[in-house]
Amino acid sequence: LAKERGRNTYQFFSAELKSKAHEMLTLESALRQAIQQEQLRVHYQPQYSLTRRKPVGLEALVRWEHPERGLISPADFIPLAEETGLIIPIGEWVLRTACRQHKKWLDQGMRPLRLAVNLSRRQFRQNNLIEMIGEILDESGLPPELLELEITESSIMNDVENAIGTMHALREMGVHLAIDDFGSGYSSLSCLKQFPISKLKIDQSFVRDLTSVAGDAAITHAIIDLARNLKLEVVAEGIETREQMRFLKKNGCHHGQGFLFSKPLPVKKIAVLVQNWVPRFGFGRRMMPALS
Ligand code: C2E
Ligand code: MG
Ligand code: MG
Ligand code: MG
């Protein structure tokens, strides 16, 4: 009996595994098509100065507009893209699209906000990275100092020597670097001071329970202090409540990003905001909750 049950269990798992593998293959070929058929979109999420009460940047975030399944979140396809190498063409497309769009907004009179673009671990290690970014900057006409590339601790720590070389090459081009999801990965604090980075982004897992979990408040506080001592900018991600914002502001966090201010938005909606950000129109108050 036990043997039979064992076999059934085996068959069950085997069938499940097969369908999982099948699902991945289907997703992979659909993702290949998505690139060719231009189903990818870039949305933009504003980043705000918590002290100056105005937007200071936009983060480009990719989405997949699936003809049947609707808008698919990057969490559901970036890991597969990373595994299959599809992240290379996808990442290049996102970077090119975002740089062109940002230049267009600048030409339309937008204040010179920073444009943040995510680079995955595989992209960060791709051997033509510097050439690719240089070419996109030239072609789009975006000033390099307005571009900020977000990389994670794991992209760097995997091969610190090479990573430092790549980071210096990017800095020499004028591009800024930020460490995304800081605190959630593993990074050596002694290495951190050698990195030519401009910014730490506090991982949203700490921000989420900032006002309820003492440990998270302490970690957030420590990251802000670390950034200040290393003379780096610091941004908190995933700010959803005024309480979180007040805590961050009080503790000296420079910038914030989160649903409290705005979700990532499609180009059309950002364009409306951008109009309000032109100095002669003043700051769009509607967008920014009172900071007190
Ligand atoms: P990330 O770079 O850490 O981006 C921040 C994520 O937090 C975004 O999720 C954003 O929508 C979400 N977020 C922002 N504010 C809040 C908030 O207040 N509450 C909550 N719950 N979430 C908030 P999204 O757009 O789903 O992206 C997920 C991840 O996918 C990104 O995390 C990034 O690692 C990756 N990703 C997105 N676009 C790209 C891309 O173009 N290239 C690469 N390589 N990775 C990307
Ligand atoms: Mg990011
Ligand atoms: Mg992040
Ligand atoms: Mg993340």
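How far does a polar side-chain atom of aspartate 180 lie from an oxygen atom of ligand 1? In this predicted model, the separation is 2.9 Å. Two further contacts involve ligand 1. One of its nitrogen atoms is 3.1 Å from a polar backbone atom of valine 62, and an oxygen atom of ligand 1 is 3.5 Å from an N or O atom in the side chain of glutamate 237. Taken alone, ligand 1 exposes 800 Å², of which the protein buries 81%.

The space that ligand 1 takes is the largest pocket. Two or more residues of the shell around ligand 1 come from each of β2 (54-66), α3 (87-107) and β6 (176-182). The most is given by β2, with 4 residues. In total, 23 residues surround ligand 1, and the closest are Arg63, Asn118, Gln204, Glu240 and Phe259. Sorted by class, the shell has 8 nonpolar, 8 polar and 7 charged residues.

Distant parts of the chain are linked here: asparagine 118 is in strand β4 (residues 114-118) and aspartate 180 is in strand β6, 62 residues apart.

Aspartate 180 also bridges the magnesium ion (ligand 2) and the magnesium ion (ligand 3), and these two ions lie 4.1 Å apart.

Key: Residues are numbered from 1 along each chain as its sequence is written. Chains are lettered from A and ligands numbered from 1 in the order in which they are written. This is a predicted model: local features need pLDDT of at least 70, side-chain atom pairs count only at pLDDT 80 or more; totals for chains, interfaces and linings use all residues. Side-chain values use heavy atoms; hydrogens and water are left out. A residue is near a molecule or strand if one of its heavy atoms lies within 4 Å of it. A polar contact is a pair of N or O atoms within 3.5 Å; within protein, one must be able to donate a hydrogen and the other to accept it, and residues adjacent in sequence count only if both atoms are side-chain atoms. Accessible areas come from the Shrake-Rupley method with a 1.4 Å probe; for residues, only the protein chains shown count as cover. On a 1 Å grid over the protein atoms alone, a cavity is a set of points where a 1.4 Å probe fits but cannot get out, and a pocket is an open set with protein on both sides within 12 Å along at least five of seven lines; lining residues have an atom within 4 Å of a point. A molecule sits in a cavity or pocket if more than half of its atoms lie within 2 Å of its grid points. Ala, Val, Leu, Ile, Met, Phe, Trp, Tyr, Cys and Pro count as nonpolar, Asp, Glu, Lys and Arg as charged, and the others, Gly among them, as polar. Donors are N, O and S atoms within 2.8 Å of the metal (3.2 Å for Na, K and Ca); water is not among the atoms, so sites may look incomplete.
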